[in-house]
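This report describes how the chains of one model meet one another. Please view the sequence and the structure below before reading on.

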Number of protein chains: 6
Amino acid sequence: MTEASENQIVRADGRAPDDLRQVSIERGWSEHAEGSALISFGRTKVLCTASFTNGVPRWMSGSGKGWVTAEYAMLPRATNTRNDREAVKGRIGGRTHEISRLIGRSLRAVVDMKGLGENTIQIDCDVLQADGGTRTAAITGAYVAMADAIEWARGKKFIGQKAQPLIDSVAAISVGIVAGTPMLDLAYTEDSRAETDMNVVATGRGLFVEVQGTAEGAPFDRRELDALLDLALGGTASLTEIQKAVLAEARANA
Amino acid sequence: MTEASENQIVRADGRAPDDLRQVSIERGWSEHAEGSALISFGRTKVLCTASFTNGVPRWMSGSGKGWVTAEYAMLPRATNTRNDREAVKGRIGGRTHEISRLIGRSLRAVVDMKGLGENTIQIDCDVLQADGGTRTAAITGAYVAMADAIEWARGKKFIGQKAQPLIDSVAAISVGIVAGTPMLDLAYTEDSRAETDMNVVATGRGLFVEVQGTAEGAPFDRRELDALLDLALGGTASLTEIQKAVLAEARANA
Amino acid sequence: MTEASENQIVRADGRAPDDLRQVSIERGWSEHAEGSALISFGRTKVLCTASFTNGVPRWMSGSGKGWVTAEYAMLPRATNTRNDREAVKGRIGGRTHEISRLIGRSLRAVVDMKGLGENTIQIDCDVLQADGGTRTAAITGAYVAMADAIEWARGKKFIGQKAQPLIDSVAAISVGIVAGTPMLDLAYTEDSRAETDMNVVATGRGLFVEVQGTAEGAPFDRRELDALLDLALGGTASLTEIQKAVLAEARANA
Amino acid sequence: MTEASENQIVRADGRAPDDLRQVSIERGWSEHAEGSALISFGRTKVLCTASFTNGVPRWMSGSGKGWVTAEYAMLPRATNTRNDREAVKGRIGGRTHEISRLIGRSLRAVVDMKGLGENTIQIDCDVLQADGGTRTAAITGAYVAMADAIEWARGKKFIGQKAQPLIDSVAAISVGIVAGTPMLDLAYTEDSRAETDMNVVATGRGLFVEVQGTAEGAPFDRRELDALLDLALGGTASLTEIQKAVLAEARANA
Amino acid sequence: MTEASENQIVRADGRAPDDLRQVSIERGWSEHAEGSALISFGRTKVLCTASFTNGVPRWMSGSGKGWVTAEYAMLPRATNTRNDREAVKGRIGGRTHEISRLIGRSLRAVVDMKGLGENTIQIDCDVLQADGGTRTAAITGAYVAMADAIEWARGKKFIGQKAQPLIDSVAAISVGIVAGTPMLDLAYTEDSRAETDMNVVATGRGLFVEVQGTAEGAPFDRRELDALLDLALGGTASLTEIQKAVLAEARANA
Amino acid sequence: MTEASENQIVRADGRAPDDLRQVSIERGWSEHAEGSALISFGRTKVLCTASFTNGVPRWMSGSGKGWVTAEYAMLPRATNTRNDREAVKGRIGGRTHEISRLIGRSLRAVVDMKGLGENTIQIDCDVLQADGGTRTAAITGAYVAMADAIEWARGKKFIGQKAQPLIDSVAAISVGIVAGTPMLDLAYTEDSRAETDMNVVATGRGLFVEVQGTAEGAPFDRRELDALLDLALGGTASLTEIQKAVLAEARANA
């Protein structure tokens with residue numbers, strides 16, 4: 001497999017292997033949340049809200065540091081066939097837990113908790129429609145929501161005028177090997193037949209926050225891993241540009 | 001209090017007491033569900049999906065009849081301050097249960113279960129943003145989603161070409177007495193200071209399906225009840241017109 | 001359907017359409033509770049206790065106001081066939097939640113929370129035997145239990161000697177249209193074949209606290225609704241007389 | 001401590017150490033259950049129902065044997081201060097589990113499962129008022145309810161006319177050492193200060209089914225254990241007589 | 001059945017009716033817990049840890065007394081066929097609850113809570129491999145773990161140098177009637193066919209803490225009960241010697 | 001940082017950066033399970049059992065394929081301070097879910113499900129003592145248990161004599177950057193101060209099954225990632241040798 005052959009491959013939706021899907025971020029979608037973004041990666045749509053509250057959980061009280069935490073969920077009919085609600089089942093599933101924790105860690109990686117002060121940002125990422133890549137869209141959108149919540153808090157003087165709680169930006173993308181070809185930003189049909197599936201979370205400066213690669217079919221070798229990491233960093237760099245552009249605009253509900 | 005005095009009262013958002021808020025119904029919002037509608041009553045936004053599946057719960061099997069059931073939920077930051085997720089708490093709250101049951105009964109009232117055959121329609125109403133009237137918006141939007149799911153099933157020949165499972169349409173609206181004045185379609189700030197609060201579910205033909213009136217402050221008398229019922233039937237008649245208009249258009253995702 | 005024809009109809013248990021079943025209230029049934037009543041509406045038997053405690057939930061502390069809350073449940077074999085215990089299932093069902101909330105709202109409607117002071121009355125209504133109308137019997141009996149708990153608290157000087165926390169009395173009754181005839185106080189067999197079913201909660205002065213009407217079969221029109229409301233107010237007036245008579249007697253366990 | 005000294009001790013309620021409290025059994029209290037009994041041991045009141053159903057749990061199917069199982073619960077205000085409902089807490093407590101299992105084992109000890117055939121008897125014991133000895137009253141009353149359910153099933157021909165599923169009767173009583181004196185049938189105030197507390201379940205023929213002795217204060221020696229066992233067998237013999245007398249009467253609701 | 005005949009009976013594993021299985025206690029097995037013991041009764045292996053913490057539950061605060069509590073659990077494949085995890089099922093079963101409570105009561109019977117001061121000892125007994133007698137092994141091993149935790153606390157000066165919180169030792173053993181013969185320390189295959197099964201908890205001084213006898217098959221008479229009690233006291237006396245010997249050694253991890 | 005400087009660093013327990021802790025695998029530890037291993041990575045001890053059962057979950061029935069699934073848990077006092085039991089809390093935590101899923105995926109990566117036939121292997125990994133690396137020890141030990149369960153099944157003819165369900169072996173190790181130095185097999189104190197923490201699961205042939213890297217402190221760059229991957233593959237190669245050696249011995253309980 002060469003760069004050349006990769007570029008000749010055309011995906012079901014017409015993309016080249018290293019193309020992102022159409023990404024859009026509707027900032028300030030929620031009229032209630034301190035920060036929010038409705039993000040789309042193609043047909044995947046995730047509503048991300050950032051709720052800012054004064055104070056931190058009891059075990060952190062007095063530390064002078066803030067806290068960022070996240071929850072992820074999917075509407076029952078976000079998917080092609082309906083899934084039972086976790087609230088009805090009375091328990092959170094393993095996948096939901098895993099993704100919620102990933103989002104929280106990813107956002108905390110770019111926050112200076114001292115700069116945030118004893119305040120909490122609660123991120124909620126609710127998948128309204130799913131077509132692969134919901135966790136990566138969630139992280140990418142949640143960063144925008146969090147950035148707006150921090151600006152809101154600065155406006156309210158809940159954090160200092162000179163405090164810089166955001167030490168970098170963060171975005172995430174999926175990559176995978178599908179039919180032998182490394183591909184960027186897998187749609188559901190691609191994801192479900194990928195041999196190897198990897199989610200990469202990286203900062204705006206191009207450093208890794210999380211690398212999670214899984215052999216769904218055959219185990220993968222070092223060369224394949226390297227190809228996927230290259231592809232992913234290209235994707236997160238593009239997402240970083242989109243985040244910057246969106247945050248540069250005046251906020252709709254500000 | 002006379003009709004005249006009522007009409008002179010202007011509400012916070014500029015409406016007359018008997019005005020609905022701006023109502024919009026985005027049909028076919030979901031690309032996965034057999035029927036769907038994103039409905040807005042002012043700032044209240046509810047995503048309604050109708051999932052059609054062959055077969056019925058075991059206890060109905062062999063009856064020749066179908067089943068319609070509904071679940072209602074709210075995103076954690078749909079409201080002005082964040083509410084904990086019911087899935088995280090591990091149990092469904094009383095209010096959620098109550099509204100889910102109301103939506104289910106309301107929709108079943110206009111379905112001929114024999115006409116539906118042994119098929120199930122699962123309605124999901126998820127409140128994306130709340131500003132009062134979420135249950136009435138949910139019922140009104142769910143009817144549109146259900147109607148589309150039935151047409152989808154007819155197209156797939158899961159129900160007979162001549163079967164008419166829908167025997168009427170259904171819509172719902174809230175009414176209440178606020179500061180002594182009966183008002184239609186209460187926004188959250190009105191609802192929270194209403195002395196009496198009533199939700200009325202009515203069919204397109206103007207018959208009652210549900211009447212739920214509650215004295216939040218002082219108990220109410222028969223004359224007040226009558227005024228609220230009049231107001232509500234006016235509201236559901238307007239909603240019926242909007243539903244008809246939306247369903248007359250070609251479906252987006254059809 | 002005329003008044004005349006209604007009166008000629010004889011129900012399975014020999015009642016006229018506007019007859020209550022035999023109502024009995026055994027006040028002070030429990031030797032432990034501050035107030036209690038074992039109420040029967042025919043074969044429906046509900047044990048209502050009112051537990052008075054000093055203090056209020058944390059979120060009300062310092063408000064100078066009291067709190068009244070209620071829980072409803074059914075013994076597993078209160079009904080014709082056994083139902084699994086909700087404790088064993090590990091979750092409260094929607095119907096139970098709904099009725100508990102209704103009872104709480106109904107009782108709060110006749111309590112001046114300032115007069116109650118920072119005290120809590122916890123109502124428990126446990127259905128020992130069910131034959132329709134369990135929620136209406138529960139509300140009617142719970143009022144008696146609550147009145148006794150308040151008198152107990154006055155005796156203990158937990159509330160002022162001149163405080164009048166009870167601003168009215170409250171009772172409830174079911175009405176419904178069965179085989180085309182509006183009927184009062186439905187027994188289970190009537191309830192299960194009613195086209196329309198309504199529960200009305202009204203004060204001793206004849207004002208409405210709750211009106212909950214549901215079309216079980218065909219939707220109902222305004223004329224039917226009016227007939228049901230008339231019938232219900234007659235029923236709650238009779239129940240008010242029975243409550244007064246019982247509370248006028250010396251308390252058994254006082 | 002001698003027999004003589006024991007007999008001179010007078011308990012708070014006037015009983016001698018070896019006296020039972022007033023025992024009453026109201027057979028057929030429930031109009032729905034196949035067998036039922038409202039049993040009182042003094043102020044302790046337990047409603048016992050026996051629900052007979054055809055068939056057995058799947059794991060016993062085809063064995064030709066029946067099944068008897070039991071659940072015990074307490075109303076929230078059965079006790080002097082209110083306990084939260086287990087259904088609301090979402091889990092059954094250890095004490096409830098333990099007593100439910102004890103009741104089930106005790107009843108199964110006197111049933112010939114082959115004689116019962118592939119039928120299930122579900123016992124429910126709900127404590128309406130508690131003053132010590134609720135588990136022993138429950139077992140004693142449940143036997144009466146079960147006996148009636150079996151007769152009901154014989155009448156319905158669900159079990160053979162000659163089948164004798166009941167191979168003995170069963171009753172239970174508490175005993176304990178209070179202030180150095182062995183006493184029968186402890187009331188709550190006695191139970192709470194007993195040094196040793198024992199529940200004994202015995203058959204009508206005087207054989208042990210369960211012996212559960214616990215040192216609440218100081219451990220006990222063999223001589224004390226023997227004294228308690230003697231006292232208990234006297235108590236269960238008296239209860240056996242009461243059960244026989246009640247079952248000899250014509251059944252109220254038969 | 002005579003003493004002579006009993007002694008001639010040989011059990012599946014070669015033991016005489018009054019023989020214990022091979023008992024071993026590996027003290028200080030855990031490197032983290034303040035006290036611990038891996039105890040074996042034949043193939044039954046239970047890991048017992050005692051966690052010592054300063055402070056007591058809120059309801060005991062200020063009493064000057066300590067608290068001892070216990071939890072028991074079984075690994076899913078401790079048994080011959082796998083059992084689902086209680087954590088996965090989301091609820092603790094009745095048997096687990098019952099045994100946890102028994103262990104806690106047994107240990108508290110030999111602790112002077114004043115001597116312990118306001119400190120808590122949390123016992124955990126986890127069955128790694130089960131072959132009958134898990135609860136009796138758990139109690140016997142937990143005593144050793146608790147004794148070590150108390151010595152640890154004395155070393156840390158969390159309890160006074162002269163305080164004697166342990167007023168006695170405690171051990172437990174099962175006995176039962178198998179094929180007509182009273183036997184000591186039943187292995188699983190014996191336990192599952194025992195007519196009568198009894199667990200006896202006794203102190204080092206030979207006093208009873210708990211006696212729990214259950215007729216699994218036919219009810220038992222007084223003579224059988226006496227034979228079982230004799231056998232059990234012999235067993236607990238032997239276990240007391242083993243505990244003493246183990247505690248007399250220098251502690252591995254001390 | 002050079003290779004040279006790395007090798008001069010000495011860790012708290014005397015290891016070089018690229019040293020594993022002492023690894024031991026006690027095969028056949030459980031007398032009940034079809035395969036089992038008690039594995040130690042230094043002070044971390046995990047009991048791994050593999051339960052083999054005929055049949056597969058209903059959704060796989062008829063596929064001709066087998067299933068492998070895993071559950072991970074920790075004893076409450078496996079850690080330095082006690083954690084509440086998940087069974088008592090009534091819910092599985094996110095970390096537990098995540099690790100259970102990881103173990104399951106890792107083992108499935110080396111199993112040919114067709115070769116396994118319609119049989120299920122349930123893996124249980126219970127941490128008896130924790131000192132970092134519990135998930136990697138669990139995977140490494142579970143492979144041994146699974147291999148033995150497969151041989152057991154071959155002996156029982158539940159799988160074909162020539163079937164080769166194991167297509168490779170699998171082992172796992174943690175790596176991390178501690179104080180600027182990449183280190184292998186982190187103990188708890190190292191793990192808790194690592195800037196970057198990575199778990200790598202690899203096959204005996206040296207292919208990746210899972211790569212999970214997380215920036216705990218500062219994000220990491222590509223060069224650091226490469227160093228960690230090199231170190232990890234060295235570690236899994238050593239573990240593979242240990243697994244081979246253990247499996248080459250005659251099985252203790254076979």
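Strand 9 (residues 208-215) of chain B and strand 9 of chain C run antiparallel and are joined by five bridges. Within this pairing, B:Thr214 has C:Glu210 in strand 9 of chain C as its bridge partner. Two strands are taken as paired if DSSP finds at least two bridges between them. Helices (H or I, at least four residues) and strands (E, at least two) are DSSP runs, numbered from the N terminus.

The model is predicted: local features need pLDDT of at least 70, side-chain atom pairs count only at pLDDT 80 or more, and totals for chains, interfaces and linings use all residues. Residues are numbered from 1 along each chain as its sequence is written, chains are lettered from A and ligands numbered from 1 in the order in which they are written, and side-chain values use heavy atoms, with hydrogens and water left out.

**Confidence**

The model has an ipTM of 0.93 and a pTM of 0.90. For chain A the mean pLDDT (the predictor's confidence in each residue, from 0 to 100) is 93, and 95% of the residues of chain A reach 70 or more. Residues 1-6 of chain A stay under 50, and for them the model has seven contacts beyond four places in sequence. Contact here means heavy atoms within 4.5 Å.

**Chain C against chain B**

The contact between these chains takes 27 residues from chain C and 27 residues from chain B. Of the area that chain C buries against chain B, 23% is supplied by C:Glu98, C:Phe208 and C:Arg222, more than by any other three residues. Buried area is the accessible area (1.4 Å probe) that two parts lose on being put together, summed over both.

C:Arg222 also forms a salt bridge with B:Asp230 through their side chains (3.0 Å, N to O). On the side of chain C that touches chain B, helix 3 (94-108), strand 9 (208-215) and helix 7 (222-248) of chain C are the elements that give two or more residues. Strand 9 of chain C gives the largest share, eight residues. By class, this side of chain C has 11 nonpolar, seven polar and nine charged residues.

**Chain A against chain B**

Here 34 residues of chain A are in contact with 34 residues of chain B. A salt bridge joins the side chains of A:Glu31 and B:Arg43 (2.8 Å, N to O). Strand 3 (44-54), strand 4 (67-74), helix 2 (86-89) and strand 5 (119-129) of chain A each supply at least two residues of the side of chain A that touches chain B. Strand 5 of chain A provides the largest share of that side, six residues.

The totals for both interfaces are set out below.

| Chains | Buried area | Salt bridges |
|---|---|---|
| Chain C and chain B | about 2600 Å² | six salt bridges |
| Chain A and chain B | about 3000 Å² | 14 salt bridges |

**Salt bridges over all chains**

A salt bridge is a side-chain nitrogen of Lys or Arg within 4 Å of a carboxyl oxygen of Asp or Glu. By this rule there are 138 salt bridges over all chains. One of them joins the side chains of A:Arg43 and A:Asp131 (3.8 Å, N to O). A:Arg43 lies in the loop between strand 2 (35-41) and strand 3 of chain A, and A:Asp131 in the loop between strand 5 and helix 5 (134-155) of chain A, so the pair ties together parts that are 88 residues apart in sequence.

Conventions. Nonpolar A, V, L, I, M, F, W, Y, C, P; charged D, E, K, R; others polar.
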